[in-house]
Amino acid sequence: MSERRYDPTHDEWVTFATHRQDRTYKPATADCPLCPTHPGGPATEIPRAHFEIAVFDNRFPSLSPTPPTPDVAGTDLVPVEPAYGHCEVVVFTDDHEATLASVGERRVRLLVDAWAHRFRALAADPRIGYVLPFENKGEAVGVTLHHPHGQIYAYPDVPPRPAREQRAARHHRDRTGRCVFCDVVAQEQGGPRVVVEGTHFLAGVPPWARFPYEVDVWARDHVGTMPELDTAARDDLARVLARVLAGYDEYFGFRTSYLLGVHSAPVNVPDDERGLGHLHLEICPPHRGGGKLKYLAGSETFGGAFLTDVAPEVAGPRLRDAAERATVPA
Ligand SMILES: [Zn+2]
Ligand SMILES: [Zn+2]
């Protein structure tokens, strides 16, 4: 069963992908489907002995360009539609034991190109409304495959959180005439919450951080999507991102789990709507320090109201010091 159902009580779509229950769950290293195919060994997803970055269609997609007919008929109240879209897997390295924090700046730079390339390709489908690259990393956030990889989802509409950003950006522009993210960059640069200050990107703990050690990476210029970044901006994004991730491991003293998402302008929407988008990454580790984890509990789940127990002005300098100390492989 694979379908989208509309929740009229919250004005949002929920995707059902029950076949995903059968997907590969924490395989032994020897059975890793994302490792290279070793000569004479069993075939993996990647039919090469070595690779740098590999991108392919997810074999257990939530959204598909050829979705099955929904199992149930929709009603006026609760419409049901095929789960149209695209789900791709992006493997960061052929080294099973590496992480995005350890692969080095050059590889992260290649990843930025891969993200930009896939963004452009997926956005070319006129039925797509939003492209979301993300990485779920580590046991603490429930990953099923340990091999370093991310995913890219292309949705048929703008999902709730980016849609909310668009509304907030419109409200701010109506009020001030400016982009809210550009204003955030102007306010945060040089301040106590900055973690890594690049020439084209600024990384900092946002003043409103929902996770104690959340870091957002904002484009300094008003740019909506990765394909629009020139070479210098891509170089800088790779440098800033690699240092932020290395800084996490340095600060916590272990391989940090996190959720990382890339927010861009919506695609296949009117120019006015697209113009509100401002490229930024959000990185949310569940760690609170001292081995404790933050869970989404009652207030977050039912109130949509996050409670954070570390001040961003405290988290910022901690992460900045660690990022400065960290060794980032070339
Ligand atoms: Zn592997
Ligand atoms: Zn902007």
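Q: How many bridges join strand S1 to strand S2?
A: This is a predicted model. In it, strand S1 (residues 2-7) and strand S2 (residues 12-17) are joined by six bridges, and the two strands run antiparallel.

Q: Which residue in S2 is the bridge partner of Tyr 6?
A: Tyr 6 has Trp 13 as its bridge partner in S2.

Q: And what lies between S1 and S2?
A: Four residues lie between S1 and S2, and the two strands form a hairpin. In the turn, Asp 11 has a positive phi of about 55 degrees.

Q: Which residue in S4 is the bridge partner of Glu 3?
A: The partner of Glu 3 in S4 is Pro 82. Strand S4 covers residues 80-82 and is joined to S1 by three bridges, again with an antiparallel course.

Q: Let us change topic. How many helices and strands does the protein chain have?
A: The protein chain has seven helices and 14 strands.

Q: In what order do the strands of the open sheet stand?
A: Nine strands form this open sheet, and their order is S3-S5-S7-S6-S11-S12-S10-S9-S8, with antiparallel pairing. Strand S3 (54-57) and strand S8 (194-197) each have a single partner strand, so they stand at the edges and one side of each is left without a neighbour in the sheet. From one strand to the next, the twist averages 20 degrees.

Q: Back to S3: how many bridges does it have with S5?
A: S3 pairs with strand S5 (residues 86-91) over four bridges, in the antiparallel sense. Within this pair, Val 55 stands opposite Val 90 in S5.

Q: Which strands does helix H1 lie across?
A: Helix H1 (residues 105-123) lies across S3, S5, strand S6 (130-137), strand S7 (149-155) and strand S11 (258-263). The helix runs at about 140 degrees to S6.

Q: Now the whole chain. Why does its radius of gyration agree with that of a compact globule?
A: A compact globule with 330 residues would have a radius of gyration near 20 Å, and the protein chain has 20 Å, so the two agree. The C-alpha trace spans about 55 × 55 × 40 Å along its principal axes.

Q: What percentage of the residues count as buried?
A: Of the 330 residues of the protein chain, 38% count as buried.

Q: And what about contacts along the sequence?
A: Among contacts between residues at least 6 apart in sequence, 69% join residues at least 24 apart.

How values were computed:
Residues are numbered from 1 along each chain as its sequence is written. Chains are lettered from A and ligands numbered from 1 in the order in which they are written. This is a predicted model: local features need pLDDT of at least 70, side-chain atom pairs count only at pLDDT 80 or more; totals for chains, interfaces and linings use all residues. Two strands pair if DSSP finds at least two bridges between them. The radius of gyration is taken over C-alpha atoms; the globule rule is 2.2 Å times the number of residues to the power 0.38. A residue is buried if 20 or more other C-beta atoms lie within 10 Å of its own, exposed if 12 or fewer, and partly exposed in between; C-beta atoms are placed from the backbone. Two residues are in contact if their C-beta atoms, placed from the backbone, lie within 7 Å. Axes are lines fitted to C-alpha atoms, for helices over the stretch in contact, and angles run from 0 to 180 degrees between N-to-C directions.
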